[in-house]
Amino acid sequence: MKVRLKDIILKNPVIPASGTCGFGVEMSEWMDLNILGAISIKGTTREARQGNARPRIAECGATGMLNAVGLQNPGVEEVVRHEIPELRRLYDGPIIANVSGFSIEEYAYVCERIDKETDATILEVNISCPNVHNGGMAFGTSPEAAAEVTGAVKAATRKPVFMKLSPNVTDITSIARACVDAGADGLCLINTVLGMRIDIRHRKPVLANRYGGYSGPGVLPIALRMVNQVSKACPGTPIIGCGGVSSEEDVIEMMMAGASAVEIGAAGLRNPKACQTIIEALPRAMKELKIEHLEDIIGIVNNE
Amino acid sequence: MKQNKWHLLSNERIAERVWKMVLTGDVSGIVPGQFVELLVPGHYLRRPISVCDVDGDRLTLIYKTVGQGTVIMSQMRPDEKLDLLTCLGNGYDMSKAEDEVLLIGGGVGVPPLIYLAKKLREGGKRVHVVIGFNTKSEVFSEEMFLNLGCGVDVCTIDGSYGKHGVVTDVLKKSAPYYFACGPMPMLRAIVQTIGTNGQMSMEERMGCGVGICVGCSIETKNGMKRVCKEGPVFDVECLMLNV
């Protein structure tokens with residue numbers, strides 16, 4: 001089940017997605033963290049943030065949910081002093097530190113602090129948060145801005161940099177290409193899809209933030225399409241596929257689309273043990289589908 | 001957090017839009033003030049429901065039908081299997097209660113006080129309960145508290161049952177240590193009437209219910225706290241209720 005992200009080896013492709021697993025430690029109450037391929041921790045900004053007003057969560061029937069948490073986090077100093085070392089005490093696999101910012105300088109600064117003060121393995125740079133004004137997505141919707149963030153972050157760290165891309169764009173391949181050309185070591189996609197729900201009895205949006213990010217099984221086809229497009233546009237660049245993955249079969253499908261590893265988000269909010277269940281079910285699904293090594297199927301649909 | 005399959009024993013309407021569900025399963029570790037998260041067919045996120053009582057291996061949940069998910073819950077029939085997360089959140093800290101304790105509940109905020117009253121009575125406390133509802137057809141739980149040996153005042157806003165008015169009309173300034181659960185306007189009125197010497201349950205829309213998504217975080221005097229993890233019960237002194 002082993003896979004690689006650049007030269008980092010993951011024992012399996014399953015990674016709890018940033019924003020759906022706290023700082024990892026929280027999950028240790030019901031799961032041995034060391035079974036996971038990697039852990040992508042809560043997005044971090046320079047200063048502590050309280051996030052958006054509540055309600056921040058809205059359900060979307062059986063297909064998923066909206067969130068507008070708005071990057072609530074304790075700030076990078078707390079994360080490097082407390083959260084990452086705490087996780088490291090319980091977990092010896094790759095830690096993916098997710099970084100957000102409101103300016104190019106902030107992205108670079110936060111990456112530099114994490115690089116200098118922790119042994120996080122990969123930096124996942126979120127240029128796609130839909131839930132805060134000017135909070136990242138502005139950088140992820142233009143190839144020039146995405147390239148500028150990538151360049152600034154690469155100059156600030158020697159750790160592998162994966163840029164986390166927004167689906168809320170017309171052509172995701174142009175953003176992906178711009179990031180790779182600016183030095184990104186890999187890509188992670190997709191972040192949530194901008195959405196809305198309305199409380200028809202009170203005639204107002206359900207979310208206090210009005211709009212929020214849609215995630216869950218409903219976005220899987222969008223994520224598969226975008227991962228596949230990007231895998232063709234950026235051959236050789238490792239992709240972490242993310243979006244609506246809920247089962248071992250979804251993991252395999254995402255890898256066939258072009259992902260080298262897979263993040264599980266909303267499914268872990270519905271079932272806190274989702275990652276464990278999927279990891280345990282993968283060998284059997286592989287056997288059934290006659291997959292010997294998961295790495296053999298990455299982007300296999302591009303070989304037509 | 002524990003995740004288990006539960007067996008539904010009964011599910012019946014006990015008041016206007018209020019239902020009582022009894023399940024059997026692994027009740028170990030559940031304390032008063034905690035909640036469970038219940039998977040509902042056709043819905044992605046679980047429903048957080050407060051623990052109303054634990055008796056042997058039986059768990060009682062009292063819930064109100066407020067949307068599609070809880071309506072589907074009300075249609076569940078005995079013998080169905082349910083997927084629950086239990087032991088969620090921080091319950092009431094009963095060590096702070098003195099010999100005489102006051103419980104204050106409003107509407108569907110009353111259920112968690114029932115298991116609490118039972119445990120306080122087992123601990124030999126004198127328990128007085130003040131519960132409020134909109135109208136007679138919504139009243140429930142009076143007999144459960146009486147059977148536990150609690151003093152009970154029931155209020156209805158329209159005066160159709162019990163005392164005419166809201167719970168704070170009954171409260172005296174010199175109230176003992178209290179535990180409260182109910183709608184925000186009621187909680188604010190309690191603080192205005194008898195102060196902050198107690199604990200309250202907060203309610204919030206949740207994503208995960210287990211502390212990993214921070215969707216339900218509220219600002220407190222001690223920083224941002226997750227209602228599902230550090231809560232739902234908080235010391236009133238720490239809360240920022242905009243009183």
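Let us begin with Thr220(B), which counts as buried because its relative accessibility is 4%; buried means under 20% relative accessible area, exposed over 50%, and partly exposed in between, with a 1.4 Å probe and protein chains only. This is a predicted model, in which local features need pLDDT of at least 70 and side-chain atom pairs count only at pLDDT 80 or more, whereas totals for chains, interfaces and linings use all residues. Residues are numbered from 1 along each chain as its sequence is written, chains are lettered from A and ligands numbered from 1 in the order in which they are written, and side-chain values use heavy atoms, with hydrogens and water left out.

Thr220(B) belongs to strand β14 of chain B, residues 217-220; strands (E, at least two residues) and helices (H or I, at least four) are DSSP runs numbered from the N terminus. What does its side chain reach? The side chain of Thr220(B) reaches the backbone oxygen of Gly223(B) at 2.6 Å and the backbone nitrogen of Asn222(B) at 3.0 Å. Setting aside neighbours within four places in sequence, Thr220(B) is in contact (heavy atoms within 4.5 Å) with Lys225(B), Phe234(B), Cys238(B) and Met240(B). The C-alpha atoms of Thr220(B) and Val236(B) are separated by 9.9 Å, at 16 residues apart along the chain.

Thr168(B) counts as buried, at 14% relative accessibility. Not counting residues up to four places away in sequence, Thr168(B) touches Ala189(B), Ile190(B) and Thr193(B).

Terms used: A polar contact is a pair of N or O atoms within 3.5 Å; within protein, one must be able to donate a hydrogen and the other to accept it, and residues adjacent in sequence count only if both atoms are side-chain atoms.
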